[in-house]
Amino acid sequence: VHFYWRATEYPDKAFGKSESFGLVAQEVEKVLPELVTEDEKGFKAVRYHELPLMMLQAIKEQQVEIAGQRKQIEVLKRLVCLDHPGADVCR
């Protein structure tokens, strides 16, 4: 999301005044709670430094799933071609 920090409300946080962007910690927490931290005052923050590692793992898992789907597609194509050798997928 794009947002402006509420710098005047929290001067001790040293927020900038320019527009910022990032993830909403409360939304991230619903999916990946290990990426969210909370301070003693209840302020939540995203651990952005851990995000690339999580993304790499997700990509690896997707690649495994894609490979399995490709195998399934090949099997289905063979079955279709047995009954319909003139089909586009059989050429």
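Exposed means over 50% relative accessible area. Keep that cut-off in mind for the tour of this predicted model.

**Stop 1: Asp88 and Arg91**

Select Asp88. Its relative accessible area is 62%, so Asp88 is exposed. Show the side chains of both. They form a salt bridge, with the closest N and O atoms 3.1 Å apart. Side chains of opposite charge can pair when their charged atoms come close.

**Stop 2: Cys81**

Cys81 sits in helix H2, which covers residues 51–83. Is Cys81 buried or partly exposed? Its relative accessibility is 21%, so Cys81 counts as partly exposed; buried would require under 20%. Next, look for its neighbours. Leaving aside residues up to four places away in sequence, Cys81 touches Val89 and Cys90.

**Stop 3: Asp12 and Lys41**

A salt bridge joins them, and the closest N and O atoms are 3.9 Å apart. This pair links distant parts of the chain, 29 residues apart. Asp12 lies in the loop between S1 and S2. Lys41 lies in the loop between strand S3 (36–38) and strand S4 (44–46). Color both by accessibility: Asp12 and Lys41 are both exposed.

**Stop 4: Ala14**

Stay in the loop that holds Asp12. Select Ala14, which is found between strand S1 (2–4) and strand S2 (19–21). Check its backbone angles. Ala14 is not a glycine, yet its phi is positive, at about 55°. How exposed is Ala14, and what is its relative accessible area? The value is 65%, so Ala14 is exposed.

**Stop 5**

Select Glu38 and Lys44. They form a salt bridge, the closest N and O atoms being 3.9 Å apart. Glu38 has 46% relative accessibility and so counts as partly exposed. Lys44 is partly exposed as well, because its relative accessible area is 30%. Glu29, Glu38 and Lys44 are linked in a network of salt bridges.

**Last look**

Zoom out and display the charged side chains. How many salt bridges does the structure hold? There are seven. Among them are Asp12 with Lys41, Lys44 with Glu38, and Arg91 with Asp88.

Definitions and conventions:
Residues are numbered from 1 along each chain as its sequence is written. This is a predicted model: local features need pLDDT of at least 70, side-chain atom pairs count only at pLDDT 80 or more; totals for chains, interfaces and linings use all residues. Side-chain values use heavy atoms; hydrogens and water are left out. Helices (H or I, at least four residues) and strands (E, at least two) are DSSP runs, numbered from the N terminus. Buried means under 20% relative accessible area, exposed over 50%, partly exposed in between (1.4 Å probe, protein chains only). Contact means heavy atoms within 4.5 Å. A salt bridge is a side-chain nitrogen of Lys or Arg within 4 Å of a carboxyl oxygen of Asp or Glu.
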